[in-house]
Amino acid sequence: MNEILTNYLMQSLPAEDNWVNELERTAAEDDVPIMDPLGMNFVKQLIRLTKPDRILEIGTAIGYSALRMLQANPEAEIITVEKDEQRYHQAIRNIRNANKQDHIHVIYGDALEELQMMTDSTFDLVLIDAAKGKYQRFFELSTPLLTEGGYVLSDNVLFKGYVADTKKQHPRYQTIAGKIRTYNDWLMNHPDFTTTIVPIGDGIAISTKQ
């Protein structure tokens, strides 16, 4: 979206609780990537509509998106995986401060390994928001855990516009954008899933079983 539309939508968002503002401020100060406010608002609306009982999140960071998703369905159980030790401990603190530890369970470890040990688990929603170069493998490992009617959300699939504009100059970003383009192409042509990419926030792909 262009800047005018983005600013308009940002101004339309409702006021948030103090703890939300504080987490966003902390993330900005510590340079921790969290979900864009417009994207987060969109995901919350999807959760309100679909009411997933069990959610799997790949990439906890400081616990921001897990706590926000729980706002949309307070009775949900959220399993979230984080490999960075510092962020894992931050997430644990933030979740305990919000008194949501009975609903949000944080696993410290590499999702590529942890997912392979979840063979007896099922989830109604999977949110992929971790290392961009590993999105396809995260998808492959998590989708067998989906319930009937379950779906997958992949965040950052437009990656600051670099996915669409190969002329934008930033070597590191273009490298990541190339990996995301490859993932998007693979996802859009997946024989077992139908995917729509929504240009809100940093781009969110919604994938449902055919």
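Visitor: How do helix 2 and helix 4 pack, and at what angle?
Guide: This is a predicted model. In it, helix 2 (residues 18–30) and helix 4 (residues 64–72) pack at an angle of about 155 degrees. Their axes are 11 Å apart.

Visitor: So how does helix 2 run relative to helix 4, roughly parallel or roughly antiparallel?
Guide: Roughly antiparallel. Angles over 145 degrees count that way, so the angle of about 155 degrees puts this pair in that class.

Visitor: And the crossing, left-handed or right-handed?
Guide: Helix 2 passes helix 4 in a left-handed crossing.

Visitor: Which residues make the contact?
Guide: From helix 2, Trp19, Val20, Leu23 and Glu24. From helix 4, Tyr64, Leu67, Arg68 and Gln71.

Visitor: What classes are they?
Guide: The contact of helix 2 with helix 4 has five nonpolar residues, one polar and two charged.

Visitor: Is Asn73 buried or exposed?
Guide: Buried. Its relative accessible area is 12%, and the cut-off for buried is under 20%.

Visitor: What does the Asn73 side chain reach?
Guide: The backbone oxygen of Pro52, at 2.8 Å. Setting aside neighbours within four places in sequence, Asn73 is in contact with Ile47, Lys51, Pro52 and Asp53.

Visitor: Lys51 is on that list. Where is Lys51 found?
Guide: In the loop between helix 3 and strand 1 (54–58). Lys51 is exposed, with a relative accessible area of 55%.

Visitor: What is phi of Lys51 near?
Guide: Near 50 degrees. That is a positive value in a residue other than glycine.

Visitor: Why point that out?
Guide: Because most residues other than glycine have a negative phi.

Visitor: What about phi of Asp31?
Guide: Phi of Asp31 is near 60 degrees, also a positive value in a residue other than glycine. Asp31 is found in the loop between helix 2 and helix 3 (37–50). With a relative accessible area of 65%, Asp31 is exposed.

Visitor: Now strand 2. Where does Thr80 come in, and is it buried or exposed?
Guide: Thr80 belongs to strand 2 (residues 77–82). Thr80 is buried, at a relative accessible area of 0%.

Visitor: Which side chain does Thr80 make a polar contact with?
Guide: The side chain of Thr60, at 2.6 Å.

Visitor: What else is Thr80 in contact with?
Guide: Leaving out neighbours within four places in sequence, the list is Glu57, Gly59, Thr60, Ile104, His105, Val106 and Ile107.

Visitor: Switching to strand 5. Is Ser154 buried or exposed there?
Guide: Ser154 lies in strand 5 (residues 146–155). Ser154 counts as buried, at 0% relative accessibility.

Visitor: What joins the side chains of Ser154 and Tyr183?
Guide: A polar contact of 2.7 Å. Beyond neighbours within four places in sequence, Ser154 is in contact with several residues, including Ile128, Tyr135, Leu187 and Gly203.

Visitor: How far apart are Ser154 and Ser207 in space?
Guide: 8.2 Å, C-alpha to C-alpha. In sequence, Ser154 and Ser207 are 53 residues apart.

Visitor: Last one. Where does Thr175 lie?
Guide: In helix 8 (residues 171–188). Thr175 is partly exposed, with a relative accessible area of 47%.

Visitor: What separates Thr175 from Tyr8?
Guide: Their C-alpha atoms are separated by 31 Å. Along the chain, Thr175 and Tyr8 are 167 residues apart.

Conventions:
Residues are numbered from 1 along each chain as its sequence is written. This is a predicted model: local features need pLDDT of at least 70, side-chain atom pairs count only at pLDDT 80 or more; totals for chains, interfaces and linings use all residues. Side-chain values use heavy atoms; hydrogens and water are left out. Helices (H or I, at least four residues) and strands (E, at least two) are DSSP runs, numbered from the N terminus. Buried means under 20% relative accessible area, exposed over 50%, partly exposed in between (1.4 Å probe, protein chains only). A polar contact is a pair of N or O atoms within 3.5 Å; within protein, one must be able to donate a hydrogen and the other to accept it, and residues adjacent in sequence count only if both atoms are side-chain atoms. Contact means heavy atoms within 4.5 Å. Axes are lines fitted to C-alpha atoms, for helices over the stretch in contact, and angles run from 0 to 180 degrees between N-to-C directions. Angles under 35 degrees count as roughly parallel, over 145 as roughly antiparallel, 65 to 115 as roughly perpendicular and the rest as oblique. A crossing is left-handed if the near helix is turned anticlockwise from the far one by less than a right angle, and right-handed if clockwise. Ala, Val, Leu, Ile, Met, Phe, Trp, Tyr, Cys and Pro count as nonpolar, Asp, Glu, Lys and Arg as charged, and the others, Gly among them, as polar.
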